[in-house]
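Have the model open as you read.

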Amino acid sequence: MDHDGDGIDDLLSGSYDPGDIWLFRGLGKGQYEKGRVLVDENGVALVHHPVELVRYHELKAKANGEEDDPTVHARVASFGSWPAPVDWDGDGDLDLLIGSFGGRIYLRINLGTRKAPKYSGTSTELDLAVAHHAAPVVADWDGDGAWDLVVGAADGSVTWFRNTGEPTAPAFAKGQTLVAAKADGKCLRQYLTADQTAAPGVRAQVCVADYDLDGKLDLLVGDYSDVKELRADLSPAEKTEFDRLAALERDLLADAAKNKDALAEITKKRERFCTGQSGRRSHVWLYRRNGVTR
């Protein structure tokens, strides 16, 4: 995206801890300046929770390293950021939407210009949310001329929030699911044989584009899974037991927090069916407007 309106594409990237947003200004011909952290009008890093970030830095010098240290809580409030530039108020410059770890989306208004942005020190929470890791993308999903929000989430889902407002005052309808959730949280373990391919995972990162040039917007969705390889020599009895544990795990996941210890025990038991080969895998999945493929 062209952050500063100079006709050259730049790169804008969020981060996880503590949630800073980085600008890599384009120089043309595939070259970029060294990244720098964007700040607001108060000189505070452009996170979605600026007050908590300031408090974090105040507490950091006095941190005692304990799990209940208040520094931890102040940091958690601001970490995890997924930026999406958009002209929110229709004044011709780019404001910034920031998705958060908690699944909410926040607005930072540009008080400056397109070429010289100056972001408000106030962060405004929008009245919409997804299941953690909100990763918003601005796109006119329904082709009505108004930009909408397509938002990836920690559970692997993708939700469309239709913009029903005015050019200077956006408003959003209730979210509609475009891609269903793949888990109850941000973690998904898949058990596969050596010749099996992973299914779609969690932590959805979205790109909206007409991939096949048929005039309809499609979804490209990046994901994450923890993959365990199953032994090739499982006996019928072992396969039955593995399936039983898998079914029990699905039931317990309905209340994962309450069943934390039981779920950990199931994971331990299922390890004996695995080769020891494991890894973190990410794929990019193509969801065509009229179907799904990879």
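Start with Pro 85, which sits opposite Leu 96 of S7. This is a predicted model, so to speak: local features need pLDDT of at least 70, side-chain atom pairs count only at pLDDT 80 or more, and totals for chains, interfaces and linings use all residues. Residues are numbered from 1 along each chain as its sequence is written, and side-chain values use heavy atoms, with hydrogens and water left out.

S6 and S7 (residues 95-100) pair in the antiparallel sense over six bridges. Strands here are DSSP runs of E with at least two residues, helices are runs of H or I with at least four, and both are numbered from the N terminus; two strands pair if DSSP finds at least two bridges between them. The pairing belongs to an open sheet of four strands, in the order S6-S7-S8-S9, with antiparallel pairing. At the edges are S6 (81-86) and S9 (124-129), each pairing on one side only. From one strand to the next the twist averages 25°, with axes as lines fitted to C-alpha atoms (for helices, over the stretch in contact) and angles running from 0 to 180 degrees between N-to-C directions.

## Gln 190

Over in strand S14 (residues 189-192) you'll find Gln 190. Is Gln 190 buried or exposed? Gln 190 counts as buried because its relative accessibility is 9% (buried is under 20% relative accessible area, exposed over 50%, partly exposed in between, with a 1.4 Å probe and protein chains only).

Beyond its neighbours within four places in sequence, Gln 190 has contacts (heavy atoms within 4.5 Å) that include Ala 198, Pro 200, Ser 225 and Lys 228.

The largest pocket holds about 840 Å³ of space. A pocket is an open set of points on a 1 Å grid over the protein atoms alone, where a 1.4 Å probe fits, with protein on both sides within 12 Å along at least five of seven lines; lining residues have an atom within 4 Å of a point. Of its 24 lining residues, Cys 187, Leu 188, Arg 189, Glu 249 and Leu 253 are the closest to the centre of the largest pocket. S14, strand S16 (218-230), helix H3 (236-252) and helix H4 (260-270) each give two or more residues to that lining.

The second largest pocket has about 280 Å³ of space. Its lining has 13 residues, with Pro 83, Pro 136, Val 137, Val 206 and Cys 207 nearest the centre. S10 gives the largest share of that lining, five residues.

How values were computed: Grid points are joined across faces, edges and corners, and a volume is the space filled by probe spheres set on the points.
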